[in-house]
Amino acid sequence: MALLQVYKFPQPVLKQQARPVTRFDAELRELADNMLETMYAEGGIGLAANQVGQLRRLVVMDLGAEEEDDGVASAATHAGRKAPPRAERPREPRVFVNPRIVEASGETVSEEGCLSVVDFTAEVKRARRIVLTYQTLEGEPREEAFEELAAVCLQHELDHLAGKLFIDRLPPLKRQMIKKRLAKLAKSA
Ligand code: ZN
């Protein structure tokens, strides 16, 4: 496994559309593994292939103990304790190939950040529940419903595949301000 470079705004690859995956081979599995390792190393909960410079419809996610969309809260939550730090939580890596949202309902607003948008978070409005069709790394078709954090994370990652960042979902004035600031930061780096 290897750590990959995470592309940051305003790198052009983040504005481009990812293409469907057609080969389900060892190379794809290796890319997914490397994306997961990179995501863990950077402390993220999701990563889209665009973010590592690959225009392929591939997303990885791990919400670990934060995952509660099956209605079963973690033992730590039941005991009223704070969840242990990320590194101590059991890993629950998920890989989605050629994901597509086929249903979206409800509304939720949450604070989002992005490994490709350095030092900036903002509240973004998204659907509260989605139904996703996707393929496994073996090419098996799947359909699955997600809610709350998982739904928000997947919508964020699917935006990446469409060449969109979460800052593109902010009101125009705020978006302009942020993009200017980020562009300046990128230049001085
Ligand atoms: Zn992101």
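Analyst: Buried means under 20% relative accessible area, exposed over 50% and partly exposed in between, with a 1.4 Å probe and protein chains only. By that rule, 43% of the 189 residues of the chain count as buried. This is a predicted model, in which local features need pLDDT of at least 70 and side-chain atom pairs count only at pLDDT 80 or more, while totals for chains, interfaces and linings use all residues. Residues are numbered from 1 along each chain as its sequence is written, and side-chain values use heavy atoms, with hydrogens and water left out.

The zinc ion has three protein donors, Cys114 (SG), His156 (NE2) and His160 (NE2), at 2.1 to 2.3 Å. Donors are N, O and S atoms within 2.8 Å of the metal (3.2 Å for Na, K and Ca); water is not among the atoms, so sites may look incomplete. Along the sequence the donor spacing is C-x41-H-x3-H. Cys114 sits in strand β4 (residues 108-114) and His160 in helix α3 (residues 148-161), 46 residues apart, so the pair links distant parts of the chain. Helices (H or I, at least four residues) and strands (E, at least two) are DSSP runs, numbered from the N terminus. Cys114 and His160 are both buried.

Now the helix. Twelve of the 14 residues of α3 are buried, so α3 is largely enclosed by the rest of the structure. From first C-alpha to last, α3 reaches 20 Å, close to the 20 Å expected at 1.5 Å a residue; the expected span is 1.5 Å times one less than the number of residues. After α3 comes Gly163, with a positive phi near 80°.
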